[in-house]
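Welcome! Here is a short briefing to read alongside the sequence and the 3D view. Take the topics in any order you like.

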Amino acid sequence: MINFEPLYLTLKLAGLTTAILYAIGLPAAWFLSQSRMRMKPLIEAVLALPLVLPPSVLGFYFLLAFSRQGWLGAAWETVFDHQLAFSFDGLVLGSVIFSLPFMVHPLQAGFNAVPRNLSEASYSLGKSKLETIAKVILPSMKSSLLTGGVLAFAHTVGEFGVVLMIGGSIEGKTKVASIAIYDLVESLDYQSAHIYAAILFAFSFTILLTVYLVNKKLDIR
Amino acid sequence: MIRLSVTKKLSGAEGPFDLSVDLSFSSESLVTLYGKSGSGKTTLLRILAGLEKPENGYIEVNDQVWFNSSAKINLPPQKRKVGLVFQDYALFPTMTIMENLQFAQGKKEQRKINDLLELTGLAELRERYPSTLSGGQQQRVALARAIIREPAILLLDEPLSALDQNTRTILQDEILKFHKRFGLTTILVSHDKQEVFKLSDSVAMIECGKITRQGTPLEVFLDRTTSNKFSFASTILSIRKVDCIYLAVIGAGNEIVEVVLSESDIETLRVGDEVLVASKAFNPIVVKL
């Protein structure tokens with residue numbers, strides 16, 4: 001009988017990560033799309049780092065920071081009373097940072113693509129910035145919102161290097177599907193590996209296909 | 001009464017220049033800012049709307065201070081009661097025509113929206129999305145959206161320049177209709193002389209950020225030492241009687257000319273008629289450019 005725990009963990013991790021990334025990514029992308037400050041290229045470069053760095057490099061630094069001796073890991077342990085490295089919380093935190101550019105870039109492009117005179121028209125109609133964003137700007141960039149969410153979700157599902165470094169493949173806690181496949185292949189259990197791999201494959205393909213179909217529909221309107 | 005005096009540094013195509021404008025006009029008048037693109041007309045409009053901040057000066061609308069650099073007053077766009085109409089309409093694409101108007105209205109008064117929809121002939125399009133409307137229809141919605149909040153000033157930034165001549169003429173009439181019916185104070189940005197002549201009570205001609213001429217359209221546009229001769233397909237813009245003759249103002253292309261008409265001409269000609277104006281050329285004035 002196949003164990004669904006890793007698949008469930010993968011979905012939980014990706015879902016949580018995406019939700020948190022919306023919360024962080026929307027204000028960050030809005031700020032970047034509006035900002036004309038000199039520090040902006042620096043912030044953008046830092047945000048884009050996870051795109052180019054090998055996951056092992058990020059994972060290594062995360063491991064140092066998340067461990068009991070690391071500043072973040074130590075602080076976390078005093079507040080939440082458990083270790084950050086090798087825990088599910090640690091995986092979520094690592095994934096959020098690792099997938100951040102996949103959320104922020106589409107959203108920033110989306111904000112930039114909404115014509116400026118739409119928000120100016122809204123301001124002149126007496127609407128606050130927040131109301132303008134919620135009712136005028138965000139509805140005008142639905143496809144960017146969808147793309148950002150799906151890319152962040154899919155990228156988290158496909159994560160391997162970082163999760164391996166900071167998660168440590170603990171059954172039921174940090175052993176997500178991608179790690180489970182690696183373990184199964186190492187122990188030569190190709191049949192189970194096939195099942196996991198096929199499920200991930202079909203799942204990812206379905207999501208991406210849906211996104212492209214929906215985006216096509218959004219574009220037509 | 002609207003009084004403004006503002007200065008701001010602008011960067012134009014031919015280098016930086018200073019926008020420096022003093023302007024005052026009475027409420028319920030229709031004032032046009034006329035000038036070439038890049039002369040600062042749109043910036044002046046944006047300054048009035050609170051979308052751009054001048055470096056110095058003041059803006060007072062009906063005794064309310066909107067901007068005063070020495071008193072450090074600068075009302076945000078939300079607090080200024082302006083109705084803004086853009087050249088490209090700027091309708092909210094994700095809302096229907098009805099929703100666009102409802103969003104614009106502060107407190108909900110569905111009856112007022114319905115009245116305005118009837119008045120603009122948009123009632124049947126109320127459930128449609130902006131992208132499915134023609135340019136003229138979209139601009140009508142934009143106009144209705146700007147008016148529904150009963151603005152202290154209606155600002156029109158080249159509202160008709162993206163439309164064909166026919167639609168343009170119809171919408172010029174509508175702008176005039178709304179302006180009078182709702183007692184609006186309107187500022188129009190335009191570089192079309194005929195449009196300016198037809199719509200405005202007064203014109204301020206802007207060149208390189210300064211007002212170079214100001215007055216009625218007749219005073220501003222007819223103040224010239226030569227007038228065009230030869231023949232032009234034209235439109236009669238106005239006819240008035242002076243002593244025993246009649247003077248007609250006609251628009252030919254982008255030119256405005258005043259011609260003399262006799263009593264017998266008047267019987268067949270009306271304002272708005274398309275006419276051919278010809279002049280024999282035996283005494284032409286030729287000036288080297």
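Predicted model: local features only at pLDDT ≥ 70, side-chain atom pairs only at ≥ 80, totals over all residues.

In strand 2 of chain B, Leu23(B) is the residue that stands opposite Leu4(B).

**Strands of chain B**

- Strand 1 (residues 2-12) and strand 2 (residues 15-25) of chain B run antiparallel and are joined by eleven bridges.
- If you follow the chain from strand 1 to strand 2 of chain B, you pass through a hairpin of two residues.
- Strand 1 of chain B also pairs with strand 4 (residues 56-61) of chain B, in the antiparallel sense and over six bridges.
- To find this second pairing in the 3D view, look for Val6(B), whose bridge partner in strand 4 of chain B is Gly57(B).

**The largest nonpolar core**

- The largest nonpolar core holds 111 residues, and those that touch the most other members are Ile166(A), Leu48(B), Leu155(B) and Ile187(B).
- Helix 5 (residues 88-113) of chain A gives this core its largest share, ten residues.
- From chain B, domain 1 (2-221) and domain 2 (232-277) each contribute at least three residues to the core.
- Which residues does Leu48(B) contact, leaving aside its neighbours within four places in sequence? They are Ile59(B), Val82(B), Ile153(B), Leu155(B) and Ile187(B).
- In soluble globular proteins, nonpolar side chains tend to be buried together.

**A buried alanine in chain A**

- Ala152(A) is part of helix 8 (residues 142-157) of chain A.
- Is Ala152(A) buried or exposed? Ala152(A) counts as buried because it has 29 C-beta neighbours inside 10 Å, and 20 or more are needed for that label.
- Thr18(A) is 134 residues away from Ala152(A) along the chain, yet their C-alpha atoms are separated by 5.9 Å.
- Beyond its neighbours within four places in sequence, Ala152(A) is in contact with Thr17(A), Thr18(A), Leu21(A), Ser99(A), Phe102(A) and Met103(A).

**Where chain A meets chain B**

- Each side brings 15 residues to the contact: 15 residues from chain A and 15 residues from chain B.
- On the chain A side, the elements that give two or more residues are helix 6 (116-124) and helix 7 (129-137) of chain A.
- Helix 6 of chain A provides the largest share of that side, with six residues.
- By type, the chain A side divides into seven nonpolar, five polar and three charged residues.

**The two domains of chain B**

- Chain B is divided into domain 1 (2-221) and domain 2 (232-277).
- Taken over C-alpha atoms, the centres of these two domains of chain B are separated by 30 Å.
- Six residues of domain 1 of chain B are in contact with six residues of domain 2 of chain B.
- On the domain 1 side, helix 6 (193-199) and helix 7 (217-221) of chain B each supply at least two residues, and helix 6 of chain B has the largest share, four residues.
- That domain 1 side divides into three nonpolar, one polar and two charged residues.

**Confidence in chain A**

- Chain A has a mean pLDDT of 91, and 99% of its residues reach 70 or more.
- Among the elements of chain A, helix 1 (residues 5-34) has the highest mean pLDDT (95) and helix 11 (residues 190-220) the lowest (88).

Methods: Residues numbered from 1 in each chain as written. Chains lettered and ligands numbered in written order. Contact = placed C-beta atoms within 7 Å. Nonpolar A, V, L, I, M, F, W, Y, C, P; charged D, E, K, R; others polar. Pairing = 2+ DSSP bridges. Core = buried A, V, L, I, M, F, W, Y, C linked by C-beta atoms within 7 Å. Buried ≥ 20, exposed ≤ 12 C-beta atoms within 10 Å, placed from the backbone. Domains from an automatic or database assignment. pLDDT = per-residue confidence, 0-100.
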